[in-house]
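User: Could you take a close look at one helix in this model for me? I'd like to know which way its residues face, and then what the packing in the rest of the chain looks like.

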Amino acid sequence: MISLTERQADALTELVNIAFGLTAAKLSEISGHRVLLETPIVAIHPMHALARELGLFVTGEVATVHQVFSGPVSGDAILFLNYEGAVKLSNLLVEEHLRSQRLDSSTDEILTEVGNMLLSACLGMFGNLLQVHVTFSIPRLRLDSLEHFLTSISIGGDELRHAVVITTAFNIFAQGVDGRIVIVLGVSSLERLIQAVERWEGSEGPA
């Protein structure tokens, strides 16, 4: 099993935090309200443990924004929100008269854009760190059960895969919306990422 040392986890958390800081600034500009993304928690889990890990956070229907990425490092990047959190997040980013208690075409567009910004920030950071070009697919929003969605990303490709799970919360008007970003990587891609984090931590990372 592949795991992170404490120093590697700290370095990867710092890198994700930098990427999220830029994203929070963009979201603040779009919404006209101060958006804070709490310091993320980063961990690696084998795919078979992902349902248990995310099951602590998601019950019932899950809203996901999903992007496939390819290049020297390839995999799947997904933003997970439970249904209530997805509604709450979309309502925090629109004017009061446009708010709704359910997801519809207008909220779908908002969530897809937020997901795209967060996922692109993480994947762009990974690409810069590895000094490789990563190509992203068009982000797609889905509503599904957690189990069904995880099954859909678990099949295809025989390479043993792991998930980098990034836990964070959005704070707008001091209202927290929990989210999870999951980046699924094959063993070779994950090993390249860990080696690159090691190099960054040794040269530029936190003391």
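**A close look at helix H6**

Helix H6 (residues 187–203) has 17 residues and spans 24 Å from its first C-alpha to its last, close to the 24 Å expected at 1.5 Å a residue. Keep in mind that this is a predicted model.

Now for the faces. The buried residues in H6 are Ser189, Leu190, Leu193, Ile194, Ala196, Val197, Trp200 and Glu201. They sit on the same side of H6 because they cover an arc of only 165° around the axis. As background, an α-helix has 3.6 residues a turn, so residues three or four places apart point the same way.

On to the packing elsewhere. The largest nonpolar core has 56 residues, and Val164, Ile166, Ile181 and Ile183 are those with the most contacts inside it. Helix H4 (residues 105–130) gives the most to this core, with 13 residues. Zoom in on isoleucine 181: leaving out residues up to four places away in sequence, isoleucine 181 touches Phe20, Ile78, Leu79, Leu118, Leu119, Cys122, Val164, Val165 and Ile166.

As for aromatics, a search of the whole structure turns up one aromatic pair.

Methods:
Residues numbered from 1 in each chain as written. Predicted model: local features only at pLDDT ≥ 70, side-chain atom pairs only at ≥ 80, totals over all residues. Heavy atoms only, no water. Core = buried A, V, L, I, M, F, W, Y, C linked by side-chain atoms within 4.5 Å. Buried < 20%, exposed > 50% of the residue type's maximum accessible area, 1.4 Å probe, protein only. Helix = DSSP H or I, 4+ residues; strand = E, 2+ residues; numbered from the N terminus. Contact = heavy atoms within 4.5 Å. Phe/Tyr/Trp six-rings, centres within 6.5 Å; stacked < 30°, edge-to-face > 60°. Expected span 1.5 Å × (residues − 1). Arc of directions from axis to C-beta.
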